[in-house]
Amino acid sequence: MASDGESPVETMDAAFTPSPNAVDISPDKDGGVLKEIIQEGVGDETPMSGNKVTVHYTGRLTDGTKFDSSKDRGEPFEFNLGKGNVIKAWDIGVATMKKGEVSLLTCKPEYAYGKNGSPPKIPGDSILIFEIEMIDWRGEDLSAKKDEGIIRYQITKGEGTRTPNEGAIVEAHITGKYAGQVFEDREVSFPIGEGCEHGICEGLERAMEKLKKGEKSRIVLKPKYAFKEQGKPEFNVPGNAEVEYEVEMKNFEKAKESWELDSDEKLEQAKFFKEKGTNYFKLEKYTLALKMYKKIIRFLEHESGFEGEKETERKTVLLAGHLNAAMCHLKLQEHVDAKEQCEKALAIDSKSEKGLFRRGQSYLEMGEPELAKSDFEAVLELQPQNKAASNSIILCNKKLKEQKAKEKMIYANMFEKFAKIDNEKEEAERRNQPDVMKTLGEWGDDEKENKGDKELSDFERENPNIVMLNSTDDFKGM
């Protein structure tokens, strides 16, 4: 909660002197950020870098002029701590605050807006005083979609700035908990990207990619990033359960990036991952196999550094990488991605039977039998005895026939609908036309009126609406 009464900076002027209770919290102890606690917070925890913090604040110049206030706007302010979203003094000072704490931060220009200030409200070289109330904070969202499915709460900072990359061998200790009960507690060592082979769920592996050496963090995972709807029966974790892990990153060895390798090393690594991918594919672990094949592409997609036989070998291995990746995408029902990989393979070798055939399979699954048939026919031109291509053409013809029948039915229904509409319009027009027989009847009545007392014949009595001819054989009155 905010402090009661007037803020201590209300009456400050140009002769500003910091409170004797203010403590220098600047990293270099140069007096750049002074902190005075106005109201103590609760607990011992403070937010860590990456946490999303929620605060109320009022900012003033040293003469007491208020230049900004979240309270005046009636809405707390949120920002990601330690990410440079705010002035340097805030990243330093807010990181020391507990929940419920209210403090004054006195910030020198070099920790605020510097020589330029922030016109028109903040002149250059201004010392600023902020009264800040720490309301709450949330962990750092590590999910790619920023859906708060993977949240990190840092317990202990790590060393330096380096984190594991794809393929890095990590060594860590993990402790998993559900509903406060530990369900696993073990040492792990595995390459990033292959965690599922070592019992590491998707969200935990994603989080471990962000940890520095020596860092300890608490990771909270929503079901979609943990054990999903299946749960983990052997751990007594039910389906759709939120779990958390405490992870200590003990060490890791980064995998070499492509730009760090010469042409021979790139080929060697590509062949290694090709074999690894094939082993995973045979075990029907298509997602892992796909990761390995994509590493081949990453190592060999650029031509620089390859000449002569090495360039020929590069193209051969790269072609296999694209074709195998396409097959994985087909197995995973990712038909558009499979088509794209086939097209990249065909850009290397336009007569690749596998490239044409797998692209044909992709088109067929995408509902494009005509395009698929064209690819299968191209395969037969290269290899007339290819039974798979022949059978696929039969399937394409069947699909095309079904497609045409469906289109015919659609058009027939459309024409029937239009015909019905036309008939309804014609019927409406007929209803709006005068009744001719009724009109004739009126003429007949007129004729009868003029007959006076003349006795009607039997025919006239039976047909009162028919106008009789007069002596000249003409209809009366016409």
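**Pockets and cores in a predicted model**

Tutor: This is a predicted model. In the second largest pocket, 22 residues form the lining, and Ala 255, Lys 256, Gln 269, Phe 273 and Phe 299 lie nearest the centre.

Student: What volume does the second largest pocket have?

Tutor: About 450 Å³.

Student: Which helix gives the most to that lining?

Tutor: Helix 4, with 6 residues. Helix 4 (263–282) and helix 5 each supply at least two.

Student: And by class, how many residues of each in that lining?

Tutor: There are 11 charged, 7 nonpolar and 4 polar residues.

Student: OK, the largest pocket. Where does it lie?

Tutor: Domain 2 (150–253) and domain 3 (263–396) both give residues to its lining, so the largest pocket lies between them. It holds about 590 Å³ of space.

Student: Which residues lie nearest its centre?

Tutor: Cys 196, Ile 200, Cys 201, Glu 202 and Glu 205, out of 25 lining residues. The lining has 10 nonpolar, 6 polar and 9 charged residues.

Student: Switching topic: which members of the largest nonpolar core touch the most others?

Tutor: Leu 204, Met 208, Leu 221, Phe 227, Val 243, Tyr 245 and Val 247, in a core of 27 residues. Strand 13 (243–253) is among the elements that each supply at least two residues, and strand 13 gives the most, with 5.

Student: Phe 252, then: buried or exposed?

Tutor: Phe 252 has 11% relative accessibility, so it counts as buried, the cut-off being under 20%. Phe 252 is in strand 13.

Student: What is Phe 252 in contact with, sequence neighbours aside?

Tutor: Its contacts beyond four places in sequence include Thr 163, Ile 169 and Leu 211. Thr 163 is 89 residues away in sequence, with 8.2 Å between the C-alpha atoms.

Note on methods: Residues numbered from 1 in each chain as written. Predicted model: local features only at pLDDT ≥ 70, side-chain atom pairs only at ≥ 80, totals over all residues. Heavy atoms only, no water. Core = buried A, V, L, I, M, F, W, Y, C linked by side-chain atoms within 4.5 Å. Buried < 20%, exposed > 50% of the residue type's maximum accessible area, 1.4 Å probe, protein only. Helix = DSSP H or I, 4+ residues; strand = E, 2+ residues; numbered from the N terminus. Contact = heavy atoms within 4.5 Å. 1 Å grid on protein atoms, 1.4 Å probe; cavity = no way out; pocket = protein on both sides within 12 Å on 5 of 7 lines; lining within 4 Å. Points joined across faces, edges and corners; volume = space filled by probe spheres on them. Nonpolar A, V, L, I, M, F, W, Y, C, P; charged D, E, K, R; others polar. Domains from an automatic or database assignment.
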